Amino acid sequence: MISPVRHVRLARGAVAACILGAALAACGTTSASRPGRPAPAPAPASSVPASPTPSGTPSLAPGPGGLTPVFSNGPRTKGKTVALTFDADMTADEGPRAARGEHFDNPALIATLRELRVPATVFMTGRWADEYPDEARSIGSDPLFELANHSYSHYAFTGNCYGLPRVSAGRMRSDVERAYSALRKAGVPHPMPYFRFPGGCYDKAALRALDGLHVTAVQWDVISGDAFATDADAVVRQVLDGVRPGSVVVMHCTRSAAPTTERVVRTVVPELRRRGYRLVKVSDLISETNDRS
Ligand SMILES: [Zn+2]
């Protein structure tokens, strides 16, 4: 068990690192508990076709007035399923850092997921796909994975979001659309109609800005703490302590800023399976949610 003191220290460290790095989503604290955010939309009883992918892809129905729906976890009472998600972060202005040799990708992590046969959902920024098109295409073409949208720029959709630069309200929608264009340009055949806000930061105005794009905003209920972590064991404990049936775990596919993640996966996956969990994709959890009667 991770002690409360340790937990707090980890969270503070992550927040500080995020402010310095201004790169990774999901830093610091769980998004669902942050003030000023709407609660995740209740699960609707039916799904709607989503324009970025063929019809039939599981997605949540829009909220009142067509508001972009938010998904944070699947059902708690339909079996022990858990979805590992990996954010492929790269901010629009980080090209010079990549040119100097910084690695925003993590091929070893993807290889391990394949080796262990772990279904996973990858939320990729368009800038990442521009930088690593071959990897984007490989991930996006592998049926083991599903690839979704993490904005083009990795700029924040609200203020006060871990020091991330902020995208203006008038450009939120085009930023998401630009990311889909970048994913397709890289050769990703069917990017999913799921969108993860950079930093997990959103408010009603941000959700409203994306109305009509037919995306489901995907948050999480378990923060791994892998962002800027150096202690893999601590991240492992945080994940294992947090997972419940239907959980969505947020991790990162960004080697320079989440260097322990591949090692964490090697420990977490066998342990979750030993505990009876079945690893699934976000689409599976949304489907389970829609099937709930
Ligand atoms: Zn991110």
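Visitor: What makes β3 largely enclosed by the rest of the structure?

Guide: A residue is called buried if 20 or more other C-beta atoms lie within 10 Å of its own. Five of the five residues of β3 (residues 120-124) are buried, so the strand is largely enclosed. In a regular strand the side chains alternate between the two faces of the sheet. In β3, Ala120, Val122 and Met124 on one side and Thr121 and Phe123 on the other are all buried, and both faces are covered.

Visitor: Which residues have the most contacts inside the largest nonpolar core?

Guide: They are Val122, Met124, Leu147, Leu183, Ala217 and Val249, in a core of 81 residues. Helix α6 (residues 172-186) gives the largest share of this core, with seven residues. In soluble globular proteins, nonpolar side chains tend to be buried together.

Visitor: What is alanine 217 in contact with, leaving aside its neighbours within four places in sequence?

Guide: Alanine 217 is in contact with Thr68, Pro69, Val70, Phe71, Phe195, Phe197, Tyr202 and Leu207.

Visitor: How do you know that the span of helix α9 agrees with its number of residues?

Guide: At 1.5 Å a residue, the 14 residues of α9 (residues 261-274) should span 20 Å, and because its end C-alpha atoms are 20 Å apart, the two values agree. Its buried residues are Thr261, Glu262, Val264, Val265, Val268 and Leu272, and they pack against β2 (81-88), α3 (107-115), α8 (232-242), β8 (247-252) and β9 (278-280). Just after α9, glycine 276 takes a positive phi of about 95°.

Visitor: Where does pLDDT stay under 50?

Guide: The chain averages a pLDDT of 86, and 81% of the residues score at least 70. Over residues 1-23, however, pLDDT stays under 50, and the model has 38 contacts beyond four places in sequence for them. Residues 25-53 are also below 50, with 72 contacts beyond near neighbours in sequence. Where pLDDT is low, the predicted coordinates should not be read in detail.

Terms used
Residues are numbered from 1 along each chain as its sequence is written. This is a predicted model: local features need pLDDT of at least 70, side-chain atom pairs count only at pLDDT 80 or more; totals for chains, interfaces and linings use all residues. Helices (H or I, at least four residues) and strands (E, at least two) are DSSP runs, numbered from the N terminus. The expected span of a helix is 1.5 Å times one less than its number of residues. A residue is buried if 20 or more other C-beta atoms lie within 10 Å of its own, exposed if 12 or fewer, and partly exposed in between; C-beta atoms are placed from the backbone. Two residues are in contact if their C-beta atoms, placed from the backbone, lie within 7 Å. pLDDT is the predictor's confidence in each residue, from 0 to 100. A nonpolar core is a set of buried Ala, Val, Leu, Ile, Met, Phe, Trp, Tyr and Cys residues joined through C-beta atoms within 7 Å.
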